[in-house]
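Subject: Structure handover

Hello,

Here is the structure I said I would pass on. My notes on what was found follow below.

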Amino acid sequence: MIYLIYLIIFGFFLTALIGLFASWVDRKVTARVQYRVGPPVLQPLIDLVKLLGKETMVPKGASKFSFLAAPLLGLGSVILVSTILWFNCLNPQRTFIGDIIVVVYLLVLPSLSIIIGGFASANPLASIGSSREMKLVLSYELPFLLAILVPVIQGGFTLRLGEILTYQVQNGVILGSWSGFLAFLVILMCVQAKLALVPFDIPEAETEIVGGPLIEYSGTPLAVYKLMKNMLLFVLPFFIMILFMGGFRLSGAHWINGILKYLGLVALITVIRNTNPRVRIDQAMRFFWGPMTILAMMAVFLALKGL
Amino acid sequence: MGKRTIVPIGPYHPLQEEPEFFTLTVDGETVIDIDVQIGYNHRGIEKLSERKTFDQSTFAVERICGICSTSHPYAYTRAIEDVIGLEVPLRAKYIRTIIAEGERIHSHLLWLGLAGHFLGYNTVYMWAWKLREEILDVMEILSGNRNNYAMFKPGGVRRDIKKEDIPGVIKKIDSIIPTLEMLKKAVIDDPVLHARTKGVGVLTKEEAINFCALGPTARASGIARDLRKDCPYGAYDRLNWDIIVTDNGDVFDKAVVRILETFQSIDMVKRCLLSLPDTEIDANIKNIPPGEGIGQIEAPRGECFHYVKSDGTNRPARHKIRAPTFMNLPTYKATVVGETISDATIILAAIDPCYCCTERMAVVNQKGKKLYNGEDLVRLSQAKTEKIKSRGGKFAARTKGIK
């Protein structure tokens, strides 16, 4: 029963609310950087509600089931990840072994759902977008996993997020160590790609392939995708926070600290996306398989040395 | 070769704001052929011009394009002056040069912003357009209009530049230079932008010559071709300046040429304003004799060409217009083929295409709720110009009002 409450309250509602707020922060900061006014706080929610009320169109020749199921798959996985993360933060002792592996697996599903949706929509631009997304997933997963290895090693070869958190409570945040810092840089870039933000918004590239996989989506499925992206904007920084920055604790003044850490991460992601042009897919692959993988390997090596 | 896919760009596509249709034949992500289809915007302005008097046609050709709204009347009036064999008064030449260079500044900034947008770099987009607003304000102080300045008439200019406006204008222009320098650094020194634009869409010198490329497109490929130098008009032979040429012909070089030209134009405007000669501004043409005339000027995108034939009446018997984009379009065959789809979009934009220039059409939309009549609009416009003038040279005054 308690799990169901976590799933609904923390996993869905709270995450969605924070995600929508984070997307507002992102849009507002972007606007101010660009000499614009920016939207009001409720704008992301208004967009979502408006989209929910629009007609859902399924293109001719599309595979109807996969076309409509793909967004739900993505949203479902994000909710599950978020539930696991919240549960870990609030009850670090009661988690199961290997939850970090489950989280990593589930975090691939949003990208996978976009790939499925794009291919199912029978549009050449969507297919190009999907194949780009596939290449992007292949390129960032390796450094992403290597970077996650660092907290795992530092926490004493544990596969439980709870133990990583307890380790950080006792020994200070992992970001403070050399290996942790390098791994943090790598994972920040990977998160930028996972969120499909500039410079890695290659799969969606509005001015090239008109939104890519999302081109044929409208109404509710599009709203689900947007919600999924907004929730990812909470879940991924939250995941980084747990792994590298000591997570989020409710005791004492720690919750203010947690909020500041989260907003700082969102601001960092926003700044990266506003100070870079989009790269090409081959450049992105070279970037992740070259410098990022090497950096992540160095971080793992340092972590094994105990630095 | 495997199965070929066709990727359509257009007729309506977020890449460009005008309707145009590129059919990219692709193999995987590589473009193996391109077909360009334009003509969605044809307005028959040449015919229209032949039904209007010489004076009215000046305004008709001004509306060919919102960005080159000086280049077309400039070339047209020069064609008429060529028919008569008339030398325009010196002050009019200077004023024409100021307006034409002001147009070049705002046009290049507009392109820079759009190029940033196409590369997903929206910060550059917004910053360049913000700076462009300041230049548009300068143009409004000088001419009374943000665009479509209506400064030109056969034989001279329609408005003088007041002495008391000049210090404010120069202050305003000076105030944007630091921000522009910053933008220049952000674009020219950015390693990621280098990765995206260097060696992409290369137009070699031979290809540029064979395709008759014009303007910055040709100058980026190492061809020192600029009408302002080759057959000087206006005040250009009195200003000391050099043609900006780069050698590589890729997208990056096209950007560099335009950014450097922006600085050059700012310098030219300032020097012209400071050395305005004290003569008449109008030669007061009464009749236009039968004959033919050609007017060429260097528009921001390249050579703008007008041909006017007069039969002694008060209307052109034939009026032919060739916009620079018409000549730059075919270079796509050399630059886009062999590149990827991601690069194709920025290469398509790199010639600074202006299809409405090439095709010429205007739409009057009367669906708005409140319809202003001519007098209302003139009053509103004049009130706004006064407001800008009273602000003086303050940069970024606009952002304060939009909290």
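A:G155 sits in the loop between α5 and α6 (161-171) of chain A; helices (H or I, at least four residues) and strands (E, at least two) are DSSP runs, numbered from the N terminus. This is a predicted model, in which local features need pLDDT of at least 70 and side-chain atom pairs count only at pLDDT 80 or more, while totals for chains, interfaces and linings use all residues. Residues are numbered from 1 along each chain as its sequence is written, and chains are lettered from A and ligands numbered from 1 in the order in which they are written.

A:G155 is buried, with 23 other C-beta atoms within 10 Å. (Buried means 20 or more other C-beta atoms within 10 Å of the residue's own, exposed 12 or fewer, and partly exposed in between, with C-beta atoms placed from the backbone.) Leaving out residues up to four places away in sequence, A:G155 touches A:E163, A:I164 and A:Y167; contact means that the C-beta atoms, placed from the backbone, lie within 7 Å. A:G155 and A:A303 are 148 residues apart in sequence, and their C-alpha atoms are 10.0 Å apart in space.

Next, the contact between the chains. Chain A gives 25 residues to it and chain B gives 26 residues. On the side of chain A that touches chain B, α5 (124-154), α8 (206-209) and α11 (281-305) of chain A each supply at least two residues.

In chain B, three strands form an open antiparallel sheet in the order β1-β2-β3; strands pair if DSSP finds at least two bridges between them. β1 (5-9) and β3 (30-37) of chain B are at the edges with a single partner strand each, so one side of each has no neighbour in the sheet. Strand β2 (residues 21-27) of chain B is joined to β3(B) by seven bridges, and B:V26 has B:V31 in β3(B) as its bridge partner.

Two helices of chain B remain. How many of the 29 residues of α4(B) are buried? The number is 27, and the helix is mostly covered. After α4(B) comes B:G120, with a positive phi near 80°. Of the 18 residues of α16(B), the number buried is zero, so this helix lies largely in the open.

Regards

Note on methods: Two residues are in contact if their C-beta atoms, placed from the backbone, lie within 7 Å.
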